[in-house]
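Hello,

Here is the structure I promised to pass on. Have a look at it first, and then read on for what turned up.

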Amino acid sequence: MNTRREFVKFLAASPLYAGFPYIERCIADNPQPQSSDSLIARAGDALDVFDFEPVAHRNIPPAHWGYLMTGVDGEDTLHANREAYSHYFLQTRRFVDVSKIDLSCELFGARFSSPIILCPIGAQKVFHPEGEIAVAKAAKAKGSLQILSTVASTGVEDVAAARGAPVWFQLYTTSNFDVTSKLVERAEAAGCPAVAVTVDLPAGRNIETALRLARTDTRTCTACHSPTGSSLFSRPMFSRLDTADLKITSASLTWDFIKRLRDVTHMKILIKGLESAQDAALAVAHGADGIVVSNHGGRATETGRGTLECLPEVVTAVRGRVPVIVDGGVRRGTDVLKALALGATAVGIGRPYIWGLGAYGQPGVERVIELLNNELMLAMTGVGARNLREITHSSVIRAA
């Protein structure tokens, strides 16, 4: 690997560089490892969310790091999620009284301290021993919305108790509606006001980075996974459920699923994983209460298109009838502002708060939220927006 890096650096320094447009990505994808002396010593030392990434990388075993950081296929969509934010600039405004900035956001009658949501990521105990509980405590401290994964390593009841307020539940549809119904009923009984139905993985995915890094992990896999390979269904949300022959998603899913789900729950139903105007319009027509524009962090279909690029057409199709949330590639408060300016109601983060979790547990997650909120506040000051309502399409300029 070091030899490859040296070769790439040699090419980058040569006149031939212009003939190899992929070299810049190679360098970005294979950074030089940082020495331990250069890593932050505590969560409070972080100046941006990227300060947590190398610490988390050091702490998290290779297979679990691969699970977190993987995209699919050649990872074009993973990179497109991040790159999309560079296509928009902020439009500054002056002579606006920005002495008071309100970041608060309302979703389905509940108010949160900012529009930044902690998106569902499964099995968080593989990143830190306290897993979802540490995240819930951080969400409580910062007044943030947390969405719990179906395949979390902690049950919804314990997470809600640690959060001290309701969390949302992310639902994998499974191949058995009876099992799905029981998952939904349990989430609702635990006080979840909303369920985000993930629909972007109908038939699996090709996660090359995760598979490659798993090969380098010398630990015994049974430390985390059951010998039978059914570790997903050994997670707490599946306890006492019949998971024989169960699949986590269904390739035969149709819009009828939303009606069937409505019949078994009073929770608000959001559809997570839509990327087109057509599907957004159909979602509203079939009774969805909200939409999450998402490609699973670049881990679903390899479209090569970032979620921010999909957002405007979804917002246009929805016409303000339901909230639209977007996730994927968010690393800065300015990214959050750009998404809000393009019509998002709220914005989800995933990997950044897990970097914080893997690095320093609850304090790490709290610091990630704090950093992004502060960056968002400064960005709002710059564009003259005193609250989220004042962030409009005129707050950004599309790059030529």
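A word on naming before anything else: helices (H or I, at least four residues) and strands (E, at least two) are DSSP runs, numbered from the N terminus. Please also keep in mind that this is a predicted model.

With that naming, Thr-174 falls in the loop between β6 (168-172) and α8 (177-189). Thr-174 is not a glycine, yet its phi is positive, at about 60°. Is Thr-174 buried or exposed? Its relative accessibility is 4%, and since buried means under 20%, Thr-174 counts as buried.

Asp-73 is another non-glycine residue with a positive phi, here of about 50°. You will find Asp-73 in the loop between α4 (62-69) and α5 (76-83). Its relative accessibility is 33%, so Asp-73 counts as partly exposed.

Now to the sheet. Eight strands make up an open sheet with parallel pairing, and their order is β4-β11-β10-β9-β8-β7-β6-β5. At the edges sit β4 (116-118) and β5 (147-148), each of which pairs on one side only. Within the sheet, β10 (residues 324-327) and β11 (residues 346-349) run parallel and are joined by three bridges. Val-326 has Val-347 of β11 opposite it. Helix α12 (residues 307-318) packs on the sheet, where it touches β9 (290-293) and β10, and the direction of α12 makes about 175° with that of β10.

Then there is the interior. In soluble globular proteins, nonpolar side chains tend to be buried together. In this model the largest nonpolar core has 114 residues, and those with the most contacts inside it are Phe-52, Leu-171, Phe-238, Ile-291, Leu-311 and Tyr-353. Helix α14 (residues 351-383) gives the most to this core, contributing 14 residues.

Lastly, a helix pair. The axes of α6 (residues 131-142) and α7 (residues 156-163) come within 7 Å and cross at roughly 30°. Angles under 35 degrees count as roughly parallel, and α6 and α7 are therefore roughly parallel to each other. The crossing of α6 past α7 is right-handed. On the α6 side, the contact is made by Glu-132, Ile-133, Ala-136, Lys-137, Ala-139 and Lys-140, and on the α7 side by Asp-158, Val-159, Ala-162 and Arg-163.

Best wishes

Technical notes:
Residues are numbered from 1 along each chain as its sequence is written. This is a predicted model: local features need pLDDT of at least 70, side-chain atom pairs count only at pLDDT 80 or more; totals for chains, interfaces and linings use all residues. Side-chain values use heavy atoms; hydrogens and water are left out. Two strands pair if DSSP finds at least two bridges between them. Contact means heavy atoms within 4.5 Å. Axes are lines fitted to C-alpha atoms, for helices over the stretch in contact, and angles run from 0 to 180 degrees between N-to-C directions. A nonpolar core is a set of buried Ala, Val, Leu, Ile, Met, Phe, Trp, Tyr and Cys residues joined through side-chain atoms within 4.5 Å. Buried means under 20% relative accessible area, exposed over 50%, partly exposed in between (1.4 Å probe, protein chains only). Angles under 35 degrees count as roughly parallel, over 145 as roughly antiparallel, 65 to 115 as roughly perpendicular and the rest as oblique. A crossing is left-handed if the near helix is turned anticlockwise from the far one by less than a right angle, and right-handed if clockwise.
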